Each structure stands twice: as C-alpha cells, then as structure tokens.
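Please have the sequence and structure at hand.

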Amino acid sequence: MAVVSTDLLEDGQLKECIIIKENAKSPVDNRIWSKSEKKQWVIGLFSGTTFLYAARTIMPLCVVAVSEELHWDKTESGMVLSAFFWGYCMTQFLGGVLSDRVGGDVVLPIAACMWSLITFWTPWFAYLSTDKKYALYIVVLSRVLLGAFQGFHYPGMTSIISRKVLENERSFTYSVVAAGSYVGTLLTGSLGSVMLDEYGWQTPFYCIGLLGISWMLLMRYMLIAKHRRRNGGLSIYSDPFHEKANKLEPKASVPWLILLTKPAFWSLLVGHFCENNAFYILLSWMPTYFHENFPSAKGWVFNVVPWVITIPSSVGSGYLADVMINSGFSVTFVRKFMESIALLGTAFFLSLISFASSYYTCLTCLALAVACCGFHSSGILVNPQDIAPRHAGSVFGMMNMAGAIPGFIGVYVAGHILEATKSWNAVFGQTAVVCLFGWIVFIIFGTGKKVI
C-alpha cells in the first residue's frame, strides 16, 4: 500500500508526495499499456479501422450499379465519390483537439455510432426523392456527413497510441492498426462484390452499417468500460495517482505559432497530401477502371488482390521500422526511407500502366501501387507522434485535414478528366507527378525529431 505524506507550501498549495513500494506499479508506468492491454486495444482499434474503411469503400464499389439505376454521368459519380472528403476534411482538426483534451476513448464510439447509422441508411436516402437532381443532392449530403463523422477516427486513434505506447513500439503498433484500412477495403471488395452481384447494391450498405454499430457497442461497453473500471472510472488517458493534481493544471494547448514555423510540419502536410491524392484516386476509381477496360473481369478479383498484398506491406513496414530504430538507425532516416518506398513506388507503378495493355499486367501494376501505399503507415502517418508526442492527435488532425483535400479535389477532377478526355493514362500520369513532388519535399524538410 502507498504511504502519502502532505506538506503545506508557502503559497498555500498542497504538495502530495506518494511513496510506493518497489514492487508496485509506478505512476509513469501506469500511463503506458501493459502487454495484454496493448493487445486488446490493438485488436479493438484494428477492427474499428476495418469497419470504418469497409463503410467508406462501399460507394466506390457500387457506384457503377448505382449510377446506372439513378442515371448519373461520370461527373455526377465523381461528385458523389468526392463528397465524402468534404466532410472528412472538416472534422480532422476538431477530432484531434477533442481527442487530446477529453480522450480518444470518448470520441471514437460517438463518431462510430453516427457513421454506422448513415451507412445503413444510405440506400433509403437514394430513394427519398423521385427527382434525379434532388436524389443526387441527398446522397451527396449523406456522403458529406459520413465523411464528417469518420474524420474523428484517425486523430482519436493517433492520440490514444501516442499516449499509451512507447516510442520504439509505435511504428509496428500503428501500422497494424492502420492495416485495418486495407482489410476493410478487402472486406468490401470480396464479400461486398458477392452481395452486390447476388442481392443488389443496397445489401452491402445494410451489412456494413450493422457491423459498424456492433463494433461500437462492443468497444464502448466491453473494452473501454473494462479499462475505466481499472482506472477508477476515469478516461484511459488519466493517471489515477495524479488525477487530483491534473485537474488543478490547465490543459497544455498546442503551440501552433511555433509549429507553423517548422519546415518539418509543412513537409508532413505536403507529403500526406500527395500520398493521399494517389491513394484516394485508386480507392475511388479503380473499380470503374477495370469495369470499363476489362468488362469481362471478375469484380471480386480486382477488388480483392490489391488489398490482399497491401496488408503485409503495411504491417511489415511497421515491424521493419521498429527493428531499424532499435538497431540504431535514426528515426528521421527510417521515416524517410519508408516514405520513399511509398511515394516513389506508387509513382513508378502508376507510370508503368501507360505501357501496359493486358488485364494481368494492369492488375499487377495497380496492386503494387496500392501495396506501396502501405509503407506510408510507418512513414508520414506515424510522424506526428515523433515531432509532437504530447499533441499528436491535434497535429495529426491538421495533417489529415490537408490529406483529405485531394479526396474531394483529386477524385472529382479525375472524374471530370475522364468525362472530357476518356483517358485513364492522363489521370495516372498526373497522379505520379504529384507523388514525386511530395517525396522531394519530405526528403528535404522531414524529420523524426521532436520539434515541440
């Protein structure tokens, strides 16, 4: 049992000195997950990311069938696909700030409840009006709201991991959790394709929506509740030994003026923008590309293969990054090495598509381009935890807000280019150039050192 002695200071403040037995868990250690706790949370967050991306990728999977039924052209399809990112962009910063202040364990379940319900109701939204124009606007609005609530997930997840996982274990932990995005896309591409072909485009929305609600309930009333009971009813961020003292101290605000003067911060924004531009274009338009160029190809193949090989690339890159850091390589070198594979590899394979003509060659190039995106998880995506560990959620939110911009600009512009030129090579070519620009900026200005 701890022995507590109190002394009154001259200024009237109460000083609490906690003396703990040698075999007791220290307050510092209490703030870091134990091995079993980390395993439980990684599984929980991985599952949430899986269902998050499964919900996000249903519309790209079904857009051909939906556009045929509702009579959308490619520009209108691009508007629907890009609408998600308008909402996604708006809540990134707010999600980071709220997660750093009240806890990601508070923010994530509330957001998950809303994006799951919107996913479940999407087919109903499409039939609310018999007028094509109004039906389109309703679907676009639902996509904006879906993006807005999903925008809380990654900043909240980043804030949790930065506070509860040791620095030399974060790359692997984060890459495993982030790999859920590829598993979710794989889930939609495989089971979603079967449901689409057999039962119509509405069924995937209903099923994934129910899965998201189920995850939220399990997370909230089992995992989070269990850890709060251990923590005296407090947020998982809180240290029960010092909770009284923490309440007396104001929350540390993010020093934005200092951060905005750091080239490392801007390199994060630019690099993440450029990588996301490639990823979101592939995510949104790849099913349409194969439907148009190889109409006899099986949807479950090209909607599954790229994401199957991306899962080991994401998890493997995180493991490799932690091994390199523990072997003596600087964090800066490791982050730039991983991001070079991500950006240069994506640009290279997208450029090769211009010279490819057969189905299997194109599938291989696009699959490898997506697989290279997996290395982004142990490069820029985890870098906010390096440069601003105390404010990782807020910094990630700002970074991901910039990263969401190509979602609505790049995806919409890609649809407009296709409508005007009918050229997929033009889309892939300009995407490769953007990747090269992002790589140059991050290689010159990026760092793995703490800047604030």
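## Thr310

Setting aside neighbours within four places in sequence, Thr310 contacts Tyr182, Ala367, Val370, Ala371 and Gly374. Contact means heavy atoms within 4.5 Å. Thr310 lies in helix α16 (residues 305–326). Helices are DSSP runs of H or I, at least four residues, numbered from the N terminus. Thr310 is buried, at 0% relative accessible area; buried means under 20%, with a 1.4 Å probe and protein chains only.

## Basis

This is a predicted model: local features need pLDDT of at least 70, side-chain atom pairs count only at pLDDT 80 or more, and totals for chains, interfaces and linings use all residues. Residues are numbered from 1 along each chain as its sequence is written, and side-chain values use heavy atoms, leaving out hydrogens and water.

## Nonpolar cores

The largest nonpolar core holds 113 residues. Such a core is a set of buried Ala, Val, Leu, Ile, Met, Phe, Trp, Tyr and Cys residues joined through side-chain atoms within 4.5 Å. Tyr154, Tyr174, Tyr289, Phe290 and Leu366 have the most contacts inside this largest core. Helix α14 (residues 263–293) gives the most to this core, with 13 residues. A second, separate core has eight residues, including Ala321, Val331, Val334 and Ala342.

Beyond four places in sequence, Tyr174 touches Tyr154, Met157, Thr158, Ile161, Ser377, Leu381, Val382, Gln385 and Phe396.

## Helices α3 and α11

Helix α3 (residues 58–70) packs on helix α11 (residues 202–230) at about 150°, with axes 9 Å apart. Axes are lines fitted to C-alpha atoms over the stretch in contact, and angles run from 0 to 180 degrees between N-to-C directions. The pair is therefore roughly antiparallel, a label for angles over 145 degrees. Ile58, Met59, Cys62 and Glu69 of α3 meet Gln202, Pro204, Phe205 and Ile208 of α11.

How values were computed: Buried < 20%, exposed > 50% of the residue type's maximum accessible area, 1.4 Å probe, protein only. Helix = DSSP H or I, 4+ residues; strand = E, 2+ residues; numbered from the N terminus. Parallel < 35°, antiparallel > 145°, perpendicular 65-115°, else oblique.
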